[in-house]
Amino acid sequence: MEKSELLELQKTACKVRLWTIEGVFNAKSGHPGGSLSAADIMTYLYFKEMNVDPADPKKPDRDRFVLSKGHCCPALYAALALKGYFSTDEIKVLRHIGAMLQGHPDMKGTPGVDMSSGSLGQGVSAACGMALSAKLSSQDYRVYAMLGDGECEEGQVWEAAMFASHYKLDNLTLFVDFNGLQIDGTVADVAGLSDLQGKFASFGFEVITIDGHDFCAIEDAVNKAKSTKDKPTVIIANTIKGKGVSFMENQVGWHGKAPNADQYKIAMDELNAQLKAMEA
Amino acid sequence: MAESKKIATRESFGMALCELAKEHDDIVVLDADLAAATKTEIFKKAYPDRFFDCGIAEGNMIGVAAGLATAGKVPFAASFAMFATGRAYEQVRNSVGYPHLNVKIAGSHAGISVGEDGATHQCCEDLALMRTIPGMVVLNPADHYEMIEATKAAYAYDGPVYIRLGRLAIESFNDPDNYSFEIGKGITLEEGSDVTVIATGLVVNEALKAVRALKEKGLSVRLINMHTIKPIDKDIIIKAAKETGKIITVEEHNIIGGLGEAVAAVTAENCPVPVYRVGVEDVFGHSGPAVGLLAEFGLDAAGLEKKIAELAAK
């Protein structure tokens, strides 16, 4: 990746984080931690990788993205708004009565959202259906889905993993946003996924582990997934929950809590400083 | 005229899928390791490239169907009613119902007429579960011809549909040359003025025999086949309430949450008359031959004749 392109992606990701905080602050609720950990991957997909068109959100040959960890939609909404699907003004009324942007993604109401989600464990199944449809119709679009690490405790994830592998859905790429934290504590303490790589490998996946905040690593992994034949790929992305906002980083408490006015100011100042440094 | 050969509606469903697939290449069929029982195997044999076994994983099957629907396919996902609507309820609710996707869910082996497999597999709650999901159409066809037409109507309708299939082979009573199916439109099978019986699904034919026997004995019973539980045909219910003053509902389902309560809600709000619910009285079923169980639960023609006469005299 060219340095200039990398810098652009980093700047966009910073803007995604700014709008994530803006949305959650104005909603007085929501999930900043996992949104911030997933922001770089979503930025990469929407601003570098996916064949999508904000002017034609439903075009049949578009690549698809399913945010299975639907509670992290503040980052998705930020990416979609910055991409041009809708105005960033919508983010300021996220979760308000009558707002377009719901607490969890609503494909009926929000342009660019490919699947309604929010009830954990269900997104990979839908992504499998999309990938299977492409195979059936000889379409060459690709399907991406993002899971939380805690979400991998849901049994349906593994039903879907079996299906994806059985039907050789090599047009399906999963990301696991492995930030190590869930509501009740660390993933290791709550349920323990232990060898997640081994689990996916035994389910027949190509498994790639990366630093989920490194755009070059994300690009390499996505390209490897695209060249992998006859089996689906999972990219296990090691991330930092709350990435980019110092007091939120690696803190369980910021899974599902909005910042107060003082915290909001600190967060925005930090992110704006990062953006300014990149623009300098 | 109706032929005398008995056929289970699950088999009619499998045949209807094949008929539809001839003309529509967007139909895809999913099953969860029960193709031989739900009769999607009929489709599987004819169209193997469009059939996908999901294994014993109903939640995933519903999600895969949802994903296929987002991409323009028209998936029919089949399993036993217990698992398609019970095990996978939340997937149906959140992955299909909330986004109002064009997924058709078929629940076979519904009701006590599953027979020997017993209570774990005798789903008497599916209509209730599916009725509560906003935007879900709920169909419960009564015989072979009705199932064929209902399956076609489900395909033609753009949105989520639940179709209840029976395991037990039953007689067909509809006349294929003089039959039409419309979602949400009940069918009056017998005219009458003393009381109205509204039946649904596999027990409609039993109710028909009971009503005809009662008519011969001088009781003027109206019989309505309510093949669509949701959206319920309000007009036909209100008309029956006004003209006969009393309604008896008959269903192979828990009397809580099914046809009876759907009918009672319409009468209560529009034309209050007594509504008596005949069905499975909030109990689990048990093992035994299907025909014997229907008799035990009072849902065969003899049992219904007795019950309708008793309730009509109240």
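The legends below describe close-up views of a predicted model. Residues are numbered from 1 along each chain as its sequence is written, and chains are lettered from A in the order in which they are written. Because the model is predicted, local features need pLDDT of at least 70 and side-chain atom pairs count only at pLDDT 80 or more, whereas totals for chains, interfaces and linings use all residues; side-chain values use heavy atoms, without hydrogens and water.

**View 1. The interface of chain A and chain B.** Contact (heavy atoms within 4.5 Å) involves 26 residues from chain A and 25 residues from chain B. The buried area, which is the accessible area (1.4 Å probe) lost on putting the two parts together, summed over both, is about 2000 Å², with 59% given by carbon and sulfur atoms.

**View 2. The side of chain A that touches chain B.** Helix 5 (123-136) and helix 6 (155-166) of chain A are the elements that give two or more residues to this side, helices being DSSP runs (H or I, at least four residues) numbered from the N terminus. The largest share, eight residues, comes from helix 5 of chain A.

**View 3. Helix 2 against helix 9 in chain A.** The axes of helix 2 (residues 32-49) and helix 9 (residues 215-227) of chain A, taken as lines fitted to C-alpha atoms over the stretch in contact, with angles from 0 to 180 degrees between N-to-C directions, come within 10 Å and cross at roughly 65°. Among the residues that meet are A:Asp40, A:Ile41 and A:Tyr44 in helix 2 of chain A, and A:Phe215, A:Ile218 and A:Val222 in helix 9 of chain A.
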